[in-house]
Amino acid sequence: MYGSYTGRSRTRGRAAGLRTTGTAAALGAALLLAGCSGDGEGDEKKSAPTVEQQPKEKDPYWVNPDGNAARQVAAYQEEGDQRKADLIRRIAEQPVGEWIGPDAPQDEARRVTEAAEKADRYALLVLYNIPHRDCGQFSKGGAADGDAYRAWVDGVAKGIGNRQATVILEPDALLHLVDGCTPQKHHQERYDLLKGAIERLKRQPATKVYVDAGNAGWQSPEALHEPLWRAGIAKADGFSLNVSNFRTTAVSTEFGKKLSVKVGDKPFVIDTSRNGNGPYEGGDPAETWCNPPGRALGEPPTTETGDELVDAYLWIKRPGESDGDCKGGPKAGEWWPEYALGLARATG
């Protein structure tokens, strides 16, 4: 996606269609895939299987009973393929990030947080709409300008209200300032927008915010601590690592602890959605991030990490959604059942 750029955290395709702006149809499809399409009825709605919540003491985050994986389980069951249904259920039964779309942030955030509250769980939201997002590649787009972004974040915050929510703030946004991918002329505005987003979201009484800090294979802690301070880490609850990437949990934990020391001992969360077999080392080094074969689901989401600095293992990237149209995959963010089956099969 980046041509000659290598080693990036590879956010593209993190969320189903929600990063693509421009058409109401695309948004509607994305909301349907996210299981936040409101009270619509029909065969698809009726076919979704019952998915239970995880024990709250182990994992307080909401399991969407009508997401992509749950629908795929239903489809396989209707086809009589229980083996595949059981494999995809490994994904369907875990909470995953809900990526907020560009056009109706208040309504969408409200729907997700209300559904989570009704289930006595917390919502896990991902905000990925910063202007000049993704350096013009697979997930290019974002808000039109700074004012539009501030209004969008304000809508998300209003939609959350006083309900319990954890927000992963702008995967890649900070790192693309560090590695030079984002043009220099946009740097100060982006720092200001990230800092402002943290401050606005933290006005909600039950909202936690983790600003994204890339992954252990991208930049060093020495290169990140000053940008994190500039982005407002002091007022955030911590930072996120490994979003949509494949670095092992052990490596990510070691990296996070080194970075934490440099940012006021802030805790962090790790995306373990697809890191069960670690990073892919084959093929074109510039595309090891994109739908790599042989990967596996990582540790199930939990707040019981056994480490006081690691607040949670989370599935921020939704397993089974494509990174982009490479290695036979559909466009970024689309559900890809064959890849989902591969992740599940490769898991111990």
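Predicted model: local features only at pLDDT ≥ 70, side-chain atom pairs only at ≥ 80, totals over all residues.

Reader: How many helices and how many strands does the secondary structure comprise?
Author: Both kinds of element are present in the protein. The secondary structure comes to 11 helices and seven strands.

Reader: In what order do the strands of the open sheet stand?
Author: Strands of a sheet pair through backbone hydrogen bonds, either parallel or antiparallel. Here the pairing is parallel, and the open sheet has seven strands. Their order is β1-β2-β3-β4-β5-β6-β7.

Reader: Which strands stand at the edges of the sheet?
Author: A strand at an edge has a single partner strand, so one side of it is left without a neighbour in the sheet. This applies to the strand of residues 98-99 and to the strand of residues 310-314. They are β1 and β7.

Reader: Which residue in β4 stands opposite Val167?
Author: Strand β3 covers residues 165-169 and strand β4 covers residues 207-212. The two run parallel and are joined by five bridges. Opposite Val167 stands Val209.

Reader: Which residue of β3 is the bridge partner of Ala123?
Author: Strand β2, residues 123-127, runs parallel to β3 and is joined to it by five bridges. For Ala123, the bridge partner in β3 is Ala165.

Reader: How many of the five residues of β3 are buried?
Author: In a regular strand the side chains alternate between the two faces of the sheet. On one side of β3, Ala165, Val167 and Leu169 are buried, and on the other Thr166 and Ile168 are buried as well. Strand β3 is therefore largely enclosed by the rest of the structure, the number of buried residues being five of the five.

Reader: Which residues have the most contacts inside the largest nonpolar core?
Author: In soluble globular proteins, nonpolar side chains tend to be buried together. The largest nonpolar core in this protein has 47 residues. Apart from it lies another core, of 22 residues, among them Val51, Ala92, Leu297 and Trp336. Inside the largest core, the residues with the most contacts are Tyr149, Leu169, Leu201 and Phe239.

Reader: Is Gln72 buried or exposed?
Author: Gln72 has its place in helix α3, residues 68-79. Leaving aside its neighbours within four places in sequence, Gln72 is in contact with Ile88, Trp335 and Pro337. Its relative accessible area is 12%, and the cut-off is under 20%. Gln72 is accordingly classed as buried.

Reader: Which residue does the disulfide join to Cys290?
Author: A search of the whole structure finds one disulfide. Cys290 lies in the loop between β6 and β7, and its partner lies 36 residues apart in the loop between β7 and α11. The S to S distance is 1.8 Å, and the link is left-handed, with -105° about the S-S bond. The residue joined to Cys290 is Cys326.

Reader: What is the relative accessible area of Cys326?
Author: Cys290 is buried, with a relative accessible area of 0%. Cys326 is likewise buried. The relative accessible area of Cys326 is 7%.

Key:
Residues numbered from 1 in each chain as written. Heavy atoms only, no water. Helix = DSSP H or I, 4+ residues; strand = E, 2+ residues; numbered from the N terminus. Pairing = 2+ DSSP bridges. Core = buried A, V, L, I, M, F, W, Y, C linked by side-chain atoms within 4.5 Å. Buried < 20%, exposed > 50% of the residue type's maximum accessible area, 1.4 Å probe, protein only. Contact = heavy atoms within 4.5 Å. Disulfide = S-S within 2.5 Å.
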